[in-house]
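I opened the model to look up a few things and kept notes as I went. The entries follow in the order of looking.

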Amino acid sequence: MRTDIVVIIIAMAVVTFLTRFGAQLAFRRTGIPAWLSRWLKHVPTGILTALIVPALVLPRGSLDLTWHNPYLLAGLVAAAVARRSGSAPLTMGVGMATILLLRFHT
Amino acid sequence: MNTTAIAGFRRGVLDTLPILIGVMPFGVAFGIVGLTVGLTPLETVLMSLLVFAGAAQFISATMLGMGMADFSLIVFTTLLINLRHLLMGASLAPHLARLPLARQALLAFGMVDETYAITIDRVARHGYSESHQLGANTAAYLAWFLSTLAGVLLGEYIPDPLAWGLDFAMPATFLAMLIPRLDSRTSLAVCLAAAVVAVAAALSLPGKWYIILAALAATIVGGLLEPSPEKEAKA
């Protein structure tokens, strides 16, 4: 194990624990202020979007919105499966099968 | 533990099992992804044992894989991703307040999206139970550790993960997490804003700050569009 990686992992563990325990301590009597919950609610959506969309439309660092981009196609298929089924394993399975199929044909 | 506590713990484990079917593929995927981005098997499993936060682990592994072992950026991103736990912790706080601090801390360590949902559901139906929450946490933690381990072992036997479409595991995993969140006009607008900002920033800015900028865009758009709650929901 590399020291710098282990240090990062430990620091991640500390901040993650603080987010889980911090509010429990701070708001143990009053409950969370409504304004704060309103502003933070969509952070996970934003971060997930930021990781998915560039990976699908910028697979090689430049914008590729054509049908020749297998990541974009498989992403659209996986999104449709996720929407219909709500099943994570099915979404991943169909998504990866689509990528394989597209690679096999090109 | 007395009989009641053992029964509560068992009930917590059993209530969590159905959700774990959905969690374990993420753990297996994380094990494979960890190796794919260049973490060692030990580092990958250590992250699951210490951090125990799916989305944050995937994202930081991605950032490490991009060659950005930038300590503060990764830790800050982890903080941003896990800020939602503040809200969950706050809603459980009144139930936990009377427990000793060390036990509160132990329960907080195991509080992830899934175990929070199980715990808050139990609160709504039968009232709060410490042993039930501990059972749910323990089941989820073991499942996360064992599935990461399985992914790492599986990954070792796959010489070229990219050739098997495994590089798509991460976007697909995130899509499975994201799509159910898009259940309102507000969340769709947040997603769209984050997508535009992320792509524009990824194309024009050095490094991977587009993740932070997209999160800021999501916070601003979401905060402005989210209707003020008439009254605070009582958890």
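This is a predicted model: local features need pLDDT of at least 70, side-chain atom pairs count only at pLDDT 80 or more; totals for chains, interfaces and linings use all residues.

Where is the place of S129(B)? I found S129(B) in the loop between α7 (113-126) and α8 (130-156) of chain B; helices here are DSSP runs of H or I with at least four residues, strands are runs of E with at least two, and both are numbered from the N terminus.

Residues are numbered from 1 along each chain as its sequence is written, chains are lettered from A and ligands numbered from 1 in the order in which they are written, and side-chain values use heavy atoms, with hydrogens and water left out.

I then went to W209(B), which lies in the loop between α10 (185-204) and α11 (210-225) of chain B. W209(B) is partly exposed, at 41% relative accessible area. Its C-alpha atom is separated by 9.8 Å from that of T77(B), 132 residues apart along the chain.

**Chain B overall.** I find eleven helices and zero strands in chain B. Of its 235 residues, 52% are buried. The unreviewed UniProt entry lists "transmembrane region" for several stretches of chain B, among them 136-155 and 186-203; positions are in the numbering used here, feature names are shortened, and annotations may be inferred rather than shown by experiment. Residues 136-155 of chain B are 100% helix, with end C-alpha atoms 28 Å apart. Residues 186-203 of chain B are also 100% helix, with end C-alpha atoms 26 Å apart.

- R11(B) and D15(B) pair at 3.0 Å, N to O. They are about one helical turn apart because four residues separate them in helix α1 (residues 3-36) of chain B.
- E130(B) and R103(B) pair at 2.8 Å, N to O. This pair links distant parts of the chain, from helix α8 to helix α6 (residues 101-109) of chain B, 27 residues apart.
- E43(B) and R2(A) pair at 2.6 Å, N to O. This pair crosses between chains, from helix α2 (residues 41-50) of chain B to the segment before α1 of chain A. E43(B) is buried at 0% relative accessibility, whereas R2(A) is partly exposed at 36%.

**The interface.** I note 68 residues from chain A and 92 from chain B in the contact (heavy atoms within 4.5 Å). The two chains bury about 7,000 Å² between them, 77% of it on carbon and sulfur atoms; buried area is the accessible area (1.4 Å probe) that two parts lose on being put together, summed over both. M12(A), R20(A) and Q24(A) supply 11% of the area that chain A buries against chain B, more than any other three residues. I also count eleven residue pairs in polar contact across the interface.

Technical notes. A polar contact is a pair of N or O atoms within 3.5 Å; within protein, one must be able to donate a hydrogen and the other to accept it, and residues adjacent in sequence count only if both atoms are side-chain atoms. Buried means under 20% relative accessible area, exposed over 50%, partly exposed in between (1.4 Å probe, protein chains only). A salt bridge is a side-chain nitrogen of Lys or Arg within 4 Å of a carboxyl oxygen of Asp or Glu.
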